[in-house]
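Keep the sequence and the 3D view side by side as you read.

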Amino acid sequence: MKKKVLTVDDSRTIRNMLLVTLNNAGFETIQAEDGVEGLEVLEGCNPDVIVTDINMPRLDGFGFIEGVRRNEKFRAVPILVLTTESDAEKKNRARQAGATGWIVKPFDPAKLIDAIERVTA
Amino acid sequence: MDMNEIKEIFFQECEEQLAELESGLLKLNDGDRDPETVNAVFRAVHSIKGGAGAFGLDDLVSFAHVFETTLDCVRSNKLEPTQDVLKVMLKSADVLADLVTASRDGGGVDESRSRSLVKELEALAHGELPSSSGHDAPKPAAKAAPAAKVELPKPSDDSGFQPIPFSFDGFGEDDEPAVEGSLYEVIFKPRRELYSKGNEAALLLRDLSRLGEMSINCDTDALPALDRMDPEASYFSWKISIRTTRSEDDIRAVFEFAEWDCDLEVKFAEEASSNEELPMVPVPFDLSILDDSSAGEEETASERGASEEAVAAALSAAETASNVSRAARVAEKKESAAASAAAQNNAAAAAAGAGQTIRVDLDRVDRLINLVGELVINQAMLSQSVVENDATGTSAVNMGLEELQQLTREIQDSVMAIRAQPVKPVFQRMSRIVREVADMVGKSIRLVTEGENTEVDKTVIDKIAEPLTHMIRNAVDHGIESPEKREAAGKDPEGTIKLTAKHRSGRILIELADDGAGINRERVRQKAIDNDIIAADANLSDDEIDNLIFMAGFSTADKISDISGRGVGMDVVKRSIQALGGRISISSRPGYGSTFTMSLPLTLAVLDGMVVTVAGQTLVVPLTAIVETLQPEASAIHSFGANQRLISIRNSFCPLVDVGRVLNYRTTQANPVEGVALLVESEGGGQRALMVDAIQGQRQVVIKSLEANYTHVPGIAAATILGDGRVALILDVDAVVAASRGQSMKPEMSLAATG
Amino acid sequence: MAAKKAGPASLKLAAVLDLNEASNLHGKLVSMRGSDLRIDASGVERVGVQCAQVLLAGVKAWEEDKKSLLVEKASDAFQKTMQLIGINNQNLVAKEI
């Protein structure tokens with residue numbers, strides 16, 4: 001059975017790269033453009049893992065992660081933070097918000113897939 | 001979709017981000033301190049950097065990175081975005097745009113410019129004032145070094161995070177016939193948070209087991225009785241022995257995501273034998289059931305080996321980034337406060353957020369517009385033939401036709417709306433031009449824009465960019481005085497150019513006003529006489545003199561400058577505006593500046609017109625120009641001078657324009673009482689009464705360019721096809737008015753000079 | 001509270017025994033105390049440690065009650081995960097009925 005990945009990123013470029021990478025790796029991919037949309041589509045798509053950006057309009061990654069963790073149904077879903085921020089401060093905040101792990105951009109496909117495999121059964 | 005297509009998307013997105021960046025910076029420049037504005041600016045650069053990184057556009061990445069770092073200082077309130085700071089940032093935005101262009105189209109950028117900006121940006125990030133940046137800008141990280149040069153990552157930075165550790169030591173041992181590897185002892189005690197953040201101890205143990213041969217002991221002593229336990233708490237902990245050829249760092253890397261939410265000990269136990277005291281459970285190699293992606297250890301290992309180089313490279317890049325961003329770390333500590341404020345803002349902005357959009361190939365829209373244009377004509381023809389064949393006018397066919405007309409109309413409006421776009425991008429381009437030209441000529445000029453969201457057809461937008469650019473250059477170069485002259489005249493040494501767009505009676509009006517010295521009428525007049533444009537004794541009003549600058553070959557600059565005098569005069573500007581069905585005029589006050597006013601149609605495709613008859617010809621007068629129509633009475637007509645006539649309307653007099661004569665349809669004056677007067681407002685201001693023989697009706701017509709199909713005809717803006725299939729000419733009201741006024745000039749001249 | 005004389009109760013485990021299922025499973029076990037219990041683990045696809053904790057606590061509770069608790073028809077995933085995380089309690093890993 002295909003694993004379902006929800007990606008949340010405001011950059012069209014990154015969205016497309018994620019889409020290609022994930023589809024090639026045999027995942028089913030659902031995409032949202034910011035945190036607000038991410039929370040909206042969450043209910044309908046029931047993802048196995050979520051990959052999210054941090055810097056986004058309307059609702060940023062931190063707020064989005066908190067929103068997922070507050071949701072009874074999806075609080076256990078692994079969330080990977082995809083961001084160019086490599087510094088500890090951002091990661092720390094992402095973790096506090098409830099992130100499971102992170103991938104530093106520019107991601108290479110192998111690393112992305114590897115990280116997803118690590119947090120999913 | 002392949003990488004090239006994604007790259008294409010990336011560059012499109014860059015365009016949007018650059019526009020966002022510039023408009024945000026300009027807002028900040030105007031004193032906007034909304035955190036969301038700062039955030040949007042930051043995100044724009046951040047996003048460009050992110051995509052550029054993915055495509056290995058190193059120059060773009062390193063410049064964006066330095067820029068982003070400085071913006072982050074602003075975001076965290078560490079750096080006050082003063083005008084000086086914003087000046088550097090606006091220039092940086094320009095360089096960023098250049099780098100994007102260079103990345104897309106090849107070619108280079110002005111390296112000295114970008115280098116010096118990098119220094120200025122870094123100085124700002126270090127808390128230095130912009131003025132001091134010229135001299136000894138800090139040396140460290142002259143720019144973020146290319147990823148390849150960076151050494152292996154340091155084990156950890158000062159805040160305890162370990163960048164995905166990876167060691168080459170493991171490889172060395174692979175070379176040796178190391179059958180067994182080393183033995184490590186791992187103690188792993190997860191906390192409840194590990195689970196609540198979506199990590200799973202079982203998965204971590206799975207990954208660990210893949211590193212080598214593992215024996216495991218689960219400590220269940222902490223597990224309370226069933227009725228006293230918290231099902232979501234963490235009670236189990238593990239003691240693991242693992243024999244692996246990998247390093248200790250590899251073992252720790254398994255717990256990378258979990259290390260903050262568990263107690264972890266990894267000890268090297270070299271020759272410790274098989275730990276008989278502990279009841280260890282050997283874990284089988286075949287875990288495939290838990291992992292549908294890899295068949296087994298060997299494959300996983302080789303897979304990892306293959307991607308290790310890539311990982312190392314990515315790590316280097318990450319380290320580069322963290323080196324540079326270290327400077328900004330203090331700033332980021334303060335960020336949570338700012339970000340939470342921003343989050344609230346985000347929520348507020350969410351409601352106002354842009355709706356959903358799709359991208360459509362322009363060709364498709366154009367094809368649709370053409371078809372709708374044909375539909376409109378067809379519908380008109382159908383209506384007409386029905387009316388001709390059905391005198392009663394009450395049949396179901398007629399009613400259906402009315403509905404059809406309504407629908408056609410709505411379809412047309414909707415289709416036109418697809419092409420309508422705000423003038424914003426064009427205006428934004430202008431601000432860069434102002435900055436650059438002002439820099440070149442040593443002037444200090446501020447561009448103020450207004451009404452950037454005014455929408456107009458995309459073709460119009462595309463076509464006004466060039467004349468507008470020329471006019472802006474002109475205003476900066478000639479319009480605004482040097483700071484010294486301005487100060488001497490008691491003005492603010494910083495000049496202001498104001499660019500405004502607004503809708504006015506179905507057209508878009510673009511105004512370009514400068515607060516410079518205004519037109520030097522003496523000199524313009526002299527020049528016009530010298531160039532045989534006017535007679536030496538010509539009696540011209542101030543307005544007419546000002547408008548002489550639109551004459552072909554006219555240039556008041558004594559020296560042709562690099563900037564605005566490239567042999568392209570205002571006449572070219574005027575012609576390109578006219579080609580769009582637009583008009584341009586200038587008004588000037590000596591000492592206070594000049595204002596150029598352009599009036600353009602909102603669309604180049606349709607027009608609401610009044611169909612009239614003049615000397616047996618059918619003409620269309622744009623409805624937008626008509627204020628009212630009236631039936632003149634003999635008592636209201638007054639003669640004035642040789643062949644001028646006035647009509648009194650209520651309490652004022654208004655010149656009467658005999659359209660038939662102006663267009664040379666007839667040689668004698670028509671009798672106003674037999675015709676109809678159309679009161680029009682011309683762009684130059686003031687009202688005129690256009691005299692036509694009769695009004696046939698109002699209708700929407702599809703504009704067919706006369707220039708494209710025939711040639712330019714003075715006084716005629718375009719043509720159309722009427723419902724009966726006949727071609728009708730669309731009147732250029734202002735040109736006709738102007739022609740009626742400028743009797744002293746040749747028809748061609750008068751049109752060019754004042755239209 | 002005396003146990004009723006009845007056949008062993010049975011409980012079929014959910015396919016995904018994750019964080020969300022731990023409380024559910026705990027609640028079910030608590031309510032089923034007092035009688036023999038057969039647990040059907042044939043449909044289990046994924047086991048998280050927290051559910052394993054609940055199951056083990058259940059085994060111990062049943063031992064205390066002197067009742068029998070047996071896992072029947074354990075799926076491969078169930079068995080392998082138990083083995084992986086080092087749970088070798090006979091009641092949980094016994095393959096035979």
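## A glycine after a helix

Helices (H or I, at least four residues) and strands (E, at least two) are DSSP runs, numbered from the N terminus.

Before going on, a word on the source: this is a predicted model, in which local features need pLDDT of at least 70 and side-chain atom pairs count only at pLDDT 80 or more, while totals for chains, interfaces and linings use all residues. Residues are numbered from 1 along each chain as its sequence is written, and chains are lettered from A and ligands numbered from 1 in the order in which they are written.

## Chain C as a whole

Chain C has four helices and five strands, and along the sequence they follow the pattern β-β-α-β-β-α-β-α-α. Of its 97 residues, 41% count as buried.

Two residues are in contact if their C-beta atoms, placed from the backbone, lie within 7 Å. Among the contacts in chain C with a separation of 6 or more, 84% come from residues 24 or more positions apart.

## Where chains B and C touch

Which chain B helix gives the most to the side that touches chain C? The whole meeting place involves 27 residues of chain B in contact with 27 residues of chain C. On the chain B side, α8 (201-209) and β2 (212-219) each supply at least two residues, and α8(B) gives the most, with five.

By class, the chain B side divides into 20 nonpolar, three polar and four charged residues. Nonpolar covers Ala, Val, Leu, Ile, Met, Phe, Trp, Tyr, Cys and Pro; charged covers Asp, Glu, Lys and Arg; the others, Gly among them, are polar.

## Two helices side by side

Now look at chain B, where helix α2 (residues 35-54) packs against helix α3 (residues 58-75) at an angle of about 155°, with the axes 9 Å apart. α2(B) and α3(B) are therefore roughly antiparallel to each other, a label for angles over 145 degrees. Their contact includes B:F42 and B:V45 of α2(B), and B:L60 and B:F67 of α3(B). It has twelve nonpolar, four polar and four charged residues.

## A hairpin and its neighbour

Strands β13 (residues 606-614) and β14 (residues 617-622) of chain B pair in the antiparallel sense over six bridges; strands pair if DSSP finds at least two bridges between them. They form a hairpin with two residues between them, and B:A615 in the turn has a positive phi of about 50°. B:V614 stands opposite B:Q617 in β14(B).

β14(B) also pairs with strand β23 (residues 727-731) of chain B, in the parallel sense over two bridges. There, B:V620 stands opposite B:I730 in β23(B).

## A buried serine

Is B:S114 buried or exposed? This residue of helix α5 (residues 111-125) of chain B is buried, because 22 other C-beta atoms lie within 10 Å. Leaving aside neighbours within four places in sequence, B:S114 is in contact with B:F63, B:V95 and B:V109. B:S114 and B:D94 are 20 residues apart in sequence and 9.6 Å apart in space, C-alpha to C-alpha.

Key:
A residue is buried if 20 or more other C-beta atoms lie within 10 Å of its own, exposed if 12 or fewer, and partly exposed in between; C-beta atoms are placed from the backbone. Axes are lines fitted to C-alpha atoms, for helices over the stretch in contact, and angles run from 0 to 180 degrees between N-to-C directions. Angles under 35 degrees count as roughly parallel, over 145 as roughly antiparallel, 65 to 115 as roughly perpendicular and the rest as oblique.
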